[in-house]
Amino acid sequence: DEVLSVAFLRAVAGAPSTEPAFVEELRRTGFVEGRNLQLIDADPDVAYPDPEDARQVVEQWVGEGVDLIVALSTSGALAASEATDDVPILFL
């Protein structure tokens, strides 16, 4: 089975976000973590406040084959768009 790999890019650790609702919608459509869904940096305490660090982690994810990047900040969305043209970026 093909696994959907989704990475969460946040600039602020522990900030409330729409991420739980997004993951719940994935589950409702049949995605199950550990079976056909891999969540990368889903822990809300993992953040990349420095744009250069964010860009580097996005490049790493792209190299590992991430399918979707969910940017939870404007700075994250900008860093992700600078790091890749090949992976869709969802800005929440």
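Visitor: Which residue of strand 3 is the bridge partner of Leu9?

Guide: The partner of Leu9 in strand 3 is Ala71. The model discussed here is predicted.

Visitor: What makes strand 1 and strand 3 a pair?

Guide: Two strands pair if at least two bridges are found between them. Strand 1 (residues 4–9) and strand 3 (residues 68–71) are joined by 4 bridges, so they meet the criterion. The two strands run parallel.

Visitor: Why do strand 2 and strand 4 count as edges?

Guide: The open sheet has 4 strands in the order 2-1-3-4, with parallel pairing. Strand 2 (37–40) and strand 4 each have a single partner strand, so one side of each is left without a neighbour in the sheet. From one strand to the next, the twist averages 20°.

Visitor: What packs on this sheet?

Guide: Helix 2 (residues 51–64) does, touching strand 1, strand 2 and strand 3. The direction of helix 2 makes about 175° with that of strand 1. Helix 3 packs on the sheet too, touching strand 1, strand 3 and strand 4. The direction of helix 3 makes about 165° with that of strand 4.

Visitor: Why are the buried residues of helix 2 said to line one face?

Guide: These residues are Ala54, Val57, Val58 and Trp61. Seen down the helix axis, they fall within an arc of 105°, so they line one face of helix 2. Their cover includes strand 1, strand 2, strand 3 and helix 3.

Visitor: What makes Asp50 a cap of helix 2?

Guide: A side-chain oxygen of Asp50 lies 2.9 Å from the backbone nitrogen of Glu52, at the N-terminal end of the helix. Just after helix 2, Gly65 takes a positive phi of about 90°.

Visitor: Why is Thr84 called buried?

Guide: Buried means under 20% relative accessible area. Thr84 has 7% relative accessibility and therefore counts as buried. Thr84 is found in the loop between helix 3 (74–83) and strand 4 (89–91). Beyond residues up to four places away in sequence, Thr84 touches Val58, Val62, Ile69 and Ile89. The side chain of Thr84 also reaches the backbone nitrogen of Val87 at 3.3 Å.

Visitor: How do you know whether Ser73 is buried or exposed?

Guide: With the limit for buried at under 20%, the 14% relative accessibility of Ser73 places this residue among the buried ones. Ser73 lies in the loop between strand 3 and helix 3. The contacts of Ser73, leaving aside residues up to four places away in sequence, are with Leu9, Ala11, Phe91 and Leu92.

Visitor: Which polar partners does the side chain of Ser73 reach?

Guide: The side chain of Ser73 makes a polar contact with the side chain of Ser75 at 3.3 Å, and reaches the backbone nitrogen of Gly76 at 2.9 Å.

Definitions and conventions:
Residues numbered from 1 in each chain as written. Predicted model: local features only at pLDDT ≥ 70, side-chain atom pairs only at ≥ 80, totals over all residues. Heavy atoms only, no water. Buried < 20%, exposed > 50% of the residue type's maximum accessible area, 1.4 Å probe, protein only. Polar contact = N/O pair within 3.5 Å; in protein donor to acceptor, adjacent residues only side chain to side chain. Contact = heavy atoms within 4.5 Å. Axes fitted to C-alpha atoms, helices over the stretch in contact; angles between N-to-C directions. Arc of directions from axis to C-beta.
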